[in-house]
Amino acid sequence: WHSQRMQDVLLERRQQVLYDKKWLKLLRRARIFRYAPFITVAFAAGSMATGDVRPTSDFDLIVGTRSRRLFTARFFLILAFDLFGWRRKNLDHSEASADTVCLNHFVTEARYALSPPHGPYWEHLYRSLVPVYGSEAEIGAFYRVNGAWMGAVRRYGDDLRHRYRQPAWIARAIEQLLSGSIGDRIERALRAPELRRIRAKLLPHAGYKPRLIISDDELELHLDTKRIETFSP
């Protein structure tokens, strides 16, 4: 019994070390959110939120944006993460996707609440989300609207992983520049090519019961939900 217990403790410790190392990498990457315009909140999701990490795990993120600027915010984020080689490419798997950022869920302030269907996996995940960017007020707003379908509202608790709370000056400057009609035109101009790429490169590879929402207020691109559907708490 003692030997088995020691093995379990060692395995648990190795898992925690792996989790800690991945969090250090994710937080270095999350700094980018301060420099991209129109980002309101960003949460670590997937295995980084639930703790079920593996060496090949990537970094799933839920990103909130200002209304009428989702595609502009997405464009700047993709540009920045690609510049550093940190973004998960369309269909990367296993080692190729390890420690890369997966930008597969964007919501504007109007769509902070998770779209149905809801199930055990989504409740478990949304109770575990870790804020990595955004003000306490925005994070609280996100928690409140999702509390409606979860049956209980999460309270913001100070977390050492929540390092980045306000945009940098360059993000503020871009937001001011693109706040009016010029920004509206740029948003429309960016929307069309981004949607073409999504439809051409991602949608043909959709697998089991995909969760796909494509609108001006939400982009959810979960191509295969088999693992989600078979989840049991």
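Trainee: Which residue in β6 is the bridge partner of L212?
Mentor: That's L221 in β6. Helices and strands here are DSSP runs, helices being H or I with at least four residues and strands E with at least two, numbered from the N terminus.

Trainee: And how do β5 and β6 pair, parallel or antiparallel?
Mentor: β5 and β6 (residues 218–222) are antiparallel, over 4 bridges. Two strands pair if DSSP finds at least two bridges between them.

Trainee: Before I go on, what kind of model is this?
Mentor: This is a predicted model, where local features need pLDDT of at least 70 and side-chain atom pairs count only at pLDDT 80 or more, while totals for chains, interfaces and linings use all residues. Residues are numbered from 1 along each chain as its sequence is written, and side-chain values use heavy atoms, with hydrogens and water left out.

Trainee: Tell me about β1. How many of its residues are buried?
Mentor: 6 of the 6 residues in β1 are buried. Buried means under 20% relative accessible area, exposed over 50%, and partly exposed in between, using a 1.4 Å probe and protein chains only.

Trainee: How many bridges join β1 to β2?
Mentor: 5 bridges, and the two strands run antiparallel. In β2, F43 has I62 as its bridge partner.

Trainee: What about the β4 side, how many bridges are there between β1 and β4?
Mentor: There are 4 bridges, again with the strands running antiparallel. A44 has V130 as its bridge partner in β4, and V41 stands opposite G134 there. β4 is mostly covered too, with 5 of its 5 residues buried.

Trainee: Switching to aromatics. How many aromatic pairs are there?
Mentor: The structure holds 12 aromatic pairs. Rings of Phe, Tyr and Trp (its six-membered ring) pair if their centres lie within 6.5 Å; planes under 30 degrees apart count as stacked, over 60 as edge-to-face and the rest as tilted. Take F43 and F142: their ring centres are 4.4 Å apart and their planes at 35°, so the pair is tilted.

Trainee: Which parts does that pair tie together?
Mentor: F43 lies in strand β1 and F142 in helix α5, so the pair ties together parts that are 99 residues apart in sequence. F43 counts as buried because its relative accessibility is 0%, and F142 is buried at 1% relative accessible area.

Trainee: Why is the pair of Y126 and W149 called edge-to-face?
Mentor: Their planes are at 65°, with the ring centres 5.6 Å apart, so the pair is edge-to-face. Y126 is in helix α4 (residues 120–128) and W149 in helix α5, 23 residues apart, and both Y126 and W149 are buried.

Trainee: And which residues do ring pairs link into a cluster?
Mentor: F43, Y112, Y126, F142, Y143 and W149.

Trainee: Which ring does the charged end of R69 sit over?
Mentor: The ring of F38, 5.6 Å from its centre. R211 lies over the face of W122, at 4.6 Å from the ring centre. The test is that NZ of Lys or CZ of Arg is within 6 Å of the ring centre and within 35 degrees of the ring normal.

Trainee: Last one: is N104 buried or exposed?
Mentor: N104 counts as buried because its relative accessibility is 12%. N104 is found in strand β3 (residues 101–108). Leaving out residues up to four places away in sequence, N104 touches D60, L61, L219, E220, L221 and H222.

Definitions and conventions
Contact means heavy atoms within 4.5 Å.
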